[in-house]
Amino acid sequence: MSHYFTVVLVADGEDIEDKVGSLLEPYRERGSRSMSRWDWWVFGSRYDGLVRGIKRDWPKDYVLGPADQRLENNCVPVRDLPDDFRCWAIVAPGGRWHEKAEVGWFGMTTHSDSEWDEKIRKLLVEHNTCLAVGCDLHI
């Protein structure tokens, strides 16, 4: 089982919680690996505050709870993301999934994308009026 940091891009003005849920829903695990990307998810958690540039002190900060899953810590306008921002996957406002590599059980990956950092930059430029919502996805 694995956790990975995913950012969902939501148009400003939409109901963020509902929209993130609906954009992630097509990728829920349903027995087929073709589109499955998660079996459960929360805002932030292990990645709490990363969209705001908050660095965690691991493993000291590894005790996780509801305080690490607040939307306000994990949502920021795309234009305000840190310069060194990185994530494992991005879900665009139209629902398209973009990922560095496909994540499987125990952190195993396949189909790695060597151009991932450039793709992140292009996606964020293309959707610079959106909100970036940081999520911890589990598969």
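Reader: How many aromatic pairs are there in this chain?

Author: This is a predicted model, and the count of aromatic pairs in it comes to 4.

Reader: Take Y27 and W97. What's the geometry of that pair?

Author: Their ring centres are 4.9 Å apart and the planes sit at 45°, so the pair is tilted.

Reader: Why those two numbers?

Author: A pair of aromatic rings is described by how far apart the centres are and by the angle of the planes.

Reader: And where do Y27 and W97 lie in the chain?

Author: Y27 is in the loop between helix 1 and strand 2, while W97 is in strand 5, residues 97–99. The pair therefore ties together parts that are 70 residues apart in sequence.

Reader: Is Y27 buried or exposed? And what about W97, buried or exposed?

Author: Y27 counts as buried, because its relative accessibility is 10% and the cut-off for buried is under 20%. W97 is buried too, with a relative accessible area of 10%.

Reader: Which residues form an aromatic cluster?

Author: F5, Y47 and F85 form one.

Reader: OK, zooming out. How many helices and strands does the chain have?

Author: There are 2 helices and 8 strands. Along the sequence they follow the pattern β-α-β-β-β-β-β-β-α-β.

Reader: Let's look at strand 8. How many of its residues are buried?

Author: 9 of the 9, so strand 8 is largely enclosed by the rest of the structure.

Reader: Which way do they point from strand 8?

Author: C130, A132, G134, D136 and H138 point one way, and L131, V133, C135 and L137 point the other way. In a regular strand the side chains alternate between the two faces of the sheet.

Reader: Which residues touch the most other members in the largest nonpolar core?

Author: V8, V20, L24, W97 and V133 do, in a core of 20 residues. Strand 1 (3–11), helix 1 (16–24), strand 4 (89–91) and strand 8 (130–138) each give two or more residues to this core. Another core lies apart from it, with 17 residues, among them V51, V76, C87 and I120.

Reader: Last topic, the whole chain. What share of the residues is buried?

Author: Buried residues make up 47% of the 139 in the chain. The chain exposes about 7600 Å², and carbon and sulfur atoms supply 52% of that.

Reader: And what share of the contacts with a separation of 6 or more is between residues 24 or more positions apart?

Author: Those account for 72% of them.

Key
Residues are numbered from 1 along each chain as its sequence is written. This is a predicted model: local features need pLDDT of at least 70, side-chain atom pairs count only at pLDDT 80 or more; totals for chains, interfaces and linings use all residues. Side-chain values use heavy atoms; hydrogens and water are left out. A nonpolar core is a set of buried Ala, Val, Leu, Ile, Met, Phe, Trp, Tyr and Cys residues joined through side-chain atoms within 4.5 Å. Buried means under 20% relative accessible area, exposed over 50%, partly exposed in between (1.4 Å probe, protein chains only). Helices (H or I, at least four residues) and strands (E, at least two) are DSSP runs, numbered from the N terminus. Rings of Phe, Tyr and Trp (its six-membered ring) pair if their centres lie within 6.5 Å; planes under 30 degrees apart count as stacked, over 60 as edge-to-face and the rest as tilted. Contact means heavy atoms within 4.5 Å. Accessible areas come from the Shrake-Rupley method with a 1.4 Å probe; for residues, only the protein chains shown count as cover.
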